[in-house]
Structures are given as structure tokens and as C-alpha cells.
Amino acid sequence: MQLAICSHFQTHCLAGKHNRHYSLSSMDAIGAGAEKRTAISKKRPRRTTQPKPKIEVPTSGDIEDFSFSKDEALQIRASLLEWYDNNQRDLPWRRISSSSSCGFKEEDDDDEREKRGYAVWVSEVMLQQTRVSTVIDYFNRWMNKWPTLHHLAQASLEEVNEMWAGLGYYRRARFLLEGAKEVVEQGGTFPETVSDLRNIKGIGEYTAGAISSIAFKKAVPVVDGNVVRVISRLKAISANPKDAATVKKIWKLAGQLVDPFRPGDFNQALMELGATLCSLSNPGCAACPISAQCHALSLSRQNESVHVTDYPIKVMKAKQRHEFSAVSVVEILDCQETIGPQSSSKFILVKRPNKGLLAGLWEFPSVLLEKEADLASRRIAIDKFLQSSFNLDLKESIRIVSREYIGEYVHVFSHIRLKMYIELLVLRPKGNRSIDYKKRDKESMTWKYVDSKNLDSMGLTSGVRKVYNMVQKHKQTDQGTIPERRRKPALRR
Ligand code: SF4
């Protein structure tokens with residue numbers, strides 16, 4: 001195995017300042033993980049398509065040789081917990097998981113236990129999505145709506161998706177709901193151990209460790225992106241942090257460190273240190289409570305060409321797939337000839353399939369294109385879709401009031417870069433004829449009409465919200481007027 005302990009050989013590998021060729025997106029992604037709890041699973045580390053970084057020095061030790069001595073662990077626990085006691089952020093889920101009324105007492109009843117487990121579960125899943133400052137608001141709204149696991153178990157997927165709107169990766173929200181139902185169906189006793197928690201759908205190693213240690217005081221480790229960074233620096237590990245062997249070892253090292261008496265606090269302290277002081281690019285080593293045990297810091301003091309930010313080494317992300325779609329924001333006016341703000345109109349929303357990307361979420365009618373396409377080709381694709389799905393024959397059954405190109409928007413998912421071409425298509429039924437709903441493709445697709453008032457308050461994915469906002473902005477710059485007499489739709493680009 002090509003690994004090295006840098007104290008002996010001052011290896012630079014592909015780390016820090018020695019590697020300038022990362023793409024902006026990969027650096028952004030790494031930066032964004034500075035606070036976000038990127039769960040690091042022992043079982044399924046994220047795969048990358050990049051070759052493993054080349055280690056330039058001979059192997060002086062295997063990653064298996066890394067360990068914390070008892071003394072080291074004792075010192076790190078004491079210093080880190082003291083720092084945490086004085087510096088921890090006041091966060092709503094911490095109030096629930098550690099307030100005196102919810103302390104860790106043997107005599108705690110099931111409700112108290114469930115309350116702690118549920119709060120930690122929800123907060124940890126949200127923290128895997130975004131920054132703490134954003135999560136606070138989402139968490140408070142969520143707990144107001146579903147204060148207990150039993151309340152959540154009664155919710156519909158649609159409600160949960162609405163509440164989750166804007167956090168992204170909606171599968172996690174669905175798993176929370178399905179997990180809550182599962183626990184309730186099995187009698188409502190909240191599992192406490194990692195192995196029992198892992199049996200619940202959607203709970204992985206990270207979330208199980210967090211719930212078990214924070215809510216139930218079990219001495220188990222938790223490893224997220226922040227913990228990987230701190231431990232890699234403490235031990236100056238120059239192995240690829242995405243490798244299964246490295247991830248497994250870091251879990252083991254975290255297990256050696258975890259405080260047996262205050263495991264939840266210790267795990268949160270380690271993650272908090274990584275999210276604040278031991279940041280990705282600008283660590284505050286001078287104020288760090290465990291600087292005396294930090295091997296990377298000691299190396300950097302011995303040799304000016306070594307920096308603590310060289311650890312962990314940076315690995316380029318897998319390349320994103322480029323996709324293109326034509327999005328048609330279809331607005332249907334009522335039969336009256338009213339135009340402008342007084343007119344009532346509705347938008348068509350289509351439900352995505354229950355499997356795959358953004359499963360079960362609402363979006364404007366759209367067609368995935370094989371490649372980048374010009375305006376005419378996109379319109380042909382959209383027209384075909386509207387005809388086959390809604391029986392909307394744009395030449396016969398309905399009048400096109402206006403059809404305007406709004407713009408492009410690129411939405412970036414973890415593995416896909418989706419470029420959307422957006423148009424606003426305003427339609428009015430001919431005469432007093434309404435659209436022939438009977439022929440719509442109900443079997444294969446779910447859809448609905450929503451007026452703008454409801455659309456404004458609906459929980460939409462950030463991509464759909466962006467599209468809608470672009471349309472609204474466009475309408476405002478056009479002062480809300482729609483050229484009703486346009487028989488031939490204008491081709492505006
Ligand atoms: S001394 Fe610096 S690099 Fe080491 S753990 Fe502390 S903040 Fe991180």
C-alpha cells in the first residue's frame with residue numbers, strides 16, 4: 001500500500017499548495033463541506049473516477065499502524081471537552097438533547113428518550129445537507145409541525161417534501177418519513193444502539209453513531225468530513241481520504257478517541273472543531289485546544305514547506321454528467337378575455353416519477369434533451385410532450401396568447417449539471433371550450449393546476465423555484481402585459 005507518514009519524509013503528495021489544478025467546482029465542493037456534515041460511511045465511501053494520488057515517498061508505515069495511545073486520547077478528550085464546554089454554539093437540537101429535563105437518566109421514560117433521539121435524527125440529517133445557520137430555521141419549522149416521531153409518522157410525503165424544499169437531496173427527507181413510520185409500526189420504541197438504528201431505512205453509519213452517542217450516550221464514534229480533516233491533521237495522514245481503507249481506519253481512530261463518559265459531547269466537539277477552528281483552508285492553530293497533539297502542526301513547524309492544510313490530501317471529484325432540458329412554464333388563462341393582473345390563470349405542474357432524481361417532486365412540464373438544442377427543436381419537443389400528455393394541440397384546441405423564451409438556468413446536482421432552457425407559454429382555451437381533460441395521460445403521469453398564489457407558498461425544489469422566479473421577473477419587466485393579439489407566437493431569444 002502506498003502510504004507514508006510525513007514526519008519522516010516530508011511528503012507533499014497532491015496536497016494543499018502543491019496542487020493548483022483543481023477545478024473551481026471541486027474546490028467549492030470541498031469548501032462547502034467545511035461545516036456541512038458530510039457523512040463518511042465505512043461501508044460505502046464515495047467513489048471517484050480520478051486515479052489515486054501518487055505518493056512520492058517510500059512507504060514508512062501502513063495506515064493500519066496509526067493509532068492514538070491511551071495518554072494521547074486522554075489529553076485530547078480533556079482539552080477538547082473543555083474547549084467545547086466554553087465554546088459550543090447554542091443550537092435548538094442541542095437544547096433538546098442535553099437540557100436538564102432531557103438529561104441522561106436511567107429513569108427517563110420512553111417519551112423523553114424518543115424526544116432526544118428524534119431531535120438528533122432530524123438535525124443530523126439536515127446538517128448533512130447544509131450549514132448550521134440554515135438548518136436552524138428548517139429544524140424549528142419541522143419540530144413545530146411534527147414535534148414527535150408519532151406526528152411525523154402521520155405526515156404525507158408531499159408535506160415532508162414541502163417542508164424540505166430548498167435543502168436538496170429529497171431522498172433523505174423521504175427516508176426520515178419512512179423511518180418514522182417504521183419505528184412507530186414496530187411499537188414506537190426508539191432504537192438506541194448503532195446496530196438497531198442501522199436497521200431503520202435511511203439510517204447509515206454516521207447518523208446511527210450520532211443518534212446513539214448524542215441522544216443515548218453510547219460510546220461510539222461519528223465520522224463526517226470535519227472529523228476526517230481533524231484526524232488526518234492530528235495524525236498527518238497522507239492517504240487518500242476517500243479510499244475505503246482510509247475511511248475505515250479513520251473510524252477506528254475516532255473510536256479510540258471517543259470519551260466513554262461524554263461520547264455525544266465529544267463527537268460534537270470534534271465535528272465543531274473541524275467546522276470552526278480546524279477549517280479547510282484557514283485553520284486557527286494558535287487557538288486550537290489540541291494543537292499539542294497535532295502532528296501536522298508539528299511537521300509544519302519543522303519544515304516551512306509543509307502546511308497543515310496539506311492534510312487531508314485533496315481528491316478531485318468525479319466528473320459531472322451534462323444534461324439539457326427544455327422547460328415550459330405553461331400558464332392557462334381563464335376563458336374570459338381579461339388580461340393582466342386581474343386575470344385568473346393557472347400553471348401546470350407535473351409530478352416526477354417516484355424513482356430517480358427528485359423523485360415524486362413537482363416541476364413545470366419539461367423534456368430531457370439528448371444534447372443542446374436550438375429554440376425550434378426545443379419547441380418541437382415541448383409541443384410533442386404537451387400533445388401526448390395533456391392532449392394540448394397548440395394548433396387546434398387552444399390559443400397561444402404568447403410564447404417567450406425566458407432564459408437559461410444551470411442547476412448543479414452532485415453528479416449532474418443540468419442546463420434548463422426556460423420558456424413561458426401562455427394559453428387560453430378557444431371560445432368557451434375548456435381543455436379536454438379526459439384525454440390526458442393520467443396513467444403514466446400525475447399533474448395538477450396551481451394558481452400563482454398557491455405556487456408562491458408551495459414548497460418547491462430550489463431549481464423549480466428559480467425557474468418560477470425568472471418567469472415572474474420577466475413578467476414584471478414586461479409590466480405584466482401579454483400581447484393577446486399575437487396569432488403567431490413571437491420567437492424571442
Ligand atoms: S492544530 Fe491546527 S491543524 Fe491541528 S487540529 Fe488544531 S486547528 Fe487543526
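A: A residue is near a molecule if its C-beta atom, placed from the backbone, lies within 6 Å of it. Helices are DSSP runs (H or I, at least four residues), numbered from the N terminus. This is a predicted model, where local features need pLDDT of at least 70, side-chain atom pairs count only at pLDDT 80 or more, and totals for chains, interfaces and linings use all residues. Residues are numbered from 1 along each chain as its sequence is written.

Q: Which element gives the largest share of the shell around the ligand?
A: The largest share, three residues, comes from α12.

Q: Which residues come nearest to the ligand?
A: Of the 15 residues around the ligand, the nearest are Cys-278, Cys-285, Cys-288, Ser-291 and Cys-294. Two or more residues of the shell come from each of α12 (225-234) and α15 (295-302).

Q: How is the angle between two helices read, and at what angle do α5 and α6 cross?
A: Axes are lines fitted to C-alpha atoms, for helices over the stretch in contact, and angles run from 0 to 180 degrees between N-to-C directions. Angles under 35 degrees count as roughly parallel, over 145 as roughly antiparallel, 65 to 115 as roughly perpendicular and the rest as oblique. The axes of α5 (residues 110-127) and α6 (residues 132-145) come within 10 Å and cross at roughly 140°. That makes α5 oblique to α6.

Q: What are the angle and the axis distance for α11 and α14?
A: The axes of α11 (residues 205-216) and α14 (residues 263-275) cross at roughly 125° and come within 6 Å. These helices, α11 and α14, are therefore oblique to each other.
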